[in-house]
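Subject: Structure to look through

Hi,

Here is the structure I promised to pass on. Have a look at it first, and then read my notes below.

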Amino acid sequence: MDLSTIRKKLQKKDKSHYSAPEELVTDVRLMFWNCAKFNYMIPLCGTTEWLFIPLQPDSEVAEAGRCLDEFFENKLKEIYPDRHFPSMQQDDSDSEDVE
């Protein structure tokens, strides 16, 4: 998932446009999850929530992803203060595991 795909799906003329806020939130969180997975963290799953452990020193991409993720989550709470959106799950990643 990437920003250009999200932008495309925000347009009503696109056949796969978002029909509910949950769909947008899922895609945006997937994009941030993949950013974390491939740029600075490894996921450890011991519970229903994911924990991330630093794999390498933070890069500019990693820092930008983290800042944008935080901004998105804050705006989401501001726009939908009484609404809960499900957290990302391990199998929600849109990429294959790299060995």
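The structure holds six salt bridges, a salt bridge being a side-chain nitrogen of Lys or Arg within 4 Å of a carboxyl oxygen of Asp or Glu. Side chains of opposite charge can pair when their charged atoms come close.

Before the details, a word on the ground rules. This is a predicted model, so local features need pLDDT of at least 70 and side-chain atom pairs count only at pLDDT 80 or more, while totals for chains, interfaces and linings use all residues. Residues are numbered from 1 along each chain as its sequence is written, and side-chain values use heavy atoms, with hydrogens and water left out.

One of the bridges joins Asp 27 and Lys 9, at 2.9 Å from N to O. Asp 27 sits in helix H2 and Lys 9 in helix H1 (residues 3-9), so this pair ties together parts that are 18 residues apart in sequence. Are these two partners buried or exposed? Asp 27 counts as buried, at 9% relative accessibility, and Lys 9 is buried as well, at 19%. For these words, buried means under 20% relative accessible area, exposed over 50%, and partly exposed in between (1.4 Å probe, protein chains only).

Another bridge pairs Glu 22 with Arg 83, whose closest N and O atoms are 2.5 Å apart. Glu 22 lies in helix H2 and Arg 83 in the segment after H3, so the pair ties together parts 61 residues apart in sequence. Glu 22 is partly exposed at 30% relative accessibility, and Arg 83 is partly exposed too, with a relative accessible area of 36%.

Then there is Glu 73 with Arg 29, whose side chains meet in a salt bridge (2.9 Å, N to O). This pair links distant parts of the chain, with Glu 73 in helix H3 and Arg 29 in helix H2, 44 residues apart. Both Glu 73 and Arg 29 are buried.

**The overall layout**

The protein chain has three helices and two strands; helices (H or I, at least four residues) and strands (E, at least two) are DSSP runs, numbered from the N terminus. Along the sequence they follow the pattern α-α-β-β-α.

Of the 99 residues in the protein chain, 27% count as buried. Of the contacts (heavy atoms within 4.5 Å) between residues at least 6 apart in sequence, 55% join residues at least 24 apart. The protein chain exposes about 7,400 Å², and carbon and sulfur atoms supply 55% of that; accessible areas come from the Shrake-Rupley method with a 1.4 Å probe, and for residues only the protein chains shown count as cover.

UniProt lists residues 1-39 as "domain: Bromo" in an unreviewed entry; its positions are given in the numbering used here, feature names are shortened, and annotations may be inferred rather than shown by experiment. In the model, the end C-alpha atoms of residues 1-39 lie 14 Å apart, and the span is 67% helix and 0% strand.

**Inside the chain**

Which residues make up the largest nonpolar core? There are nine: Ile 6, Tyr 18, Val 25, Val 28, Met 31, Phe 32, Phe 72, Leu 76 and Phe 85. A nonpolar core here is a set of buried Ala, Val, Leu, Ile, Met, Phe, Trp, Tyr and Cys residues joined through side-chain atoms within 4.5 Å. Helix H2 (21-39) and H3 are the elements that give two or more residues to this core, and H2 supplies the largest share, four residues. Leaving aside residues up to four places away in sequence, Phe 72 touches Val 25, Val 28 and Phe 32.

**On the surface**

Leu 3, Leu 68 and Phe 71 make a nonpolar surface patch of about 300 Å². Patches are made of residues with over 30% relative accessible area and no salt bridge, with like charges joined within 9 Å and nonpolar side chains (Val, Leu, Ile, Met, Phe, Trp, Tyr) within 5 Å. Leu 68 belongs to helix H3 and is partly exposed, with a relative accessible area of 39%.

Glu 60 is in helix H3 (residues 60-79) and is exposed, at 73% relative accessible area. Glu 60 and Asn 39 are 21 residues apart in sequence and 9.3 Å apart in space, C-alpha to C-alpha.

Cheers
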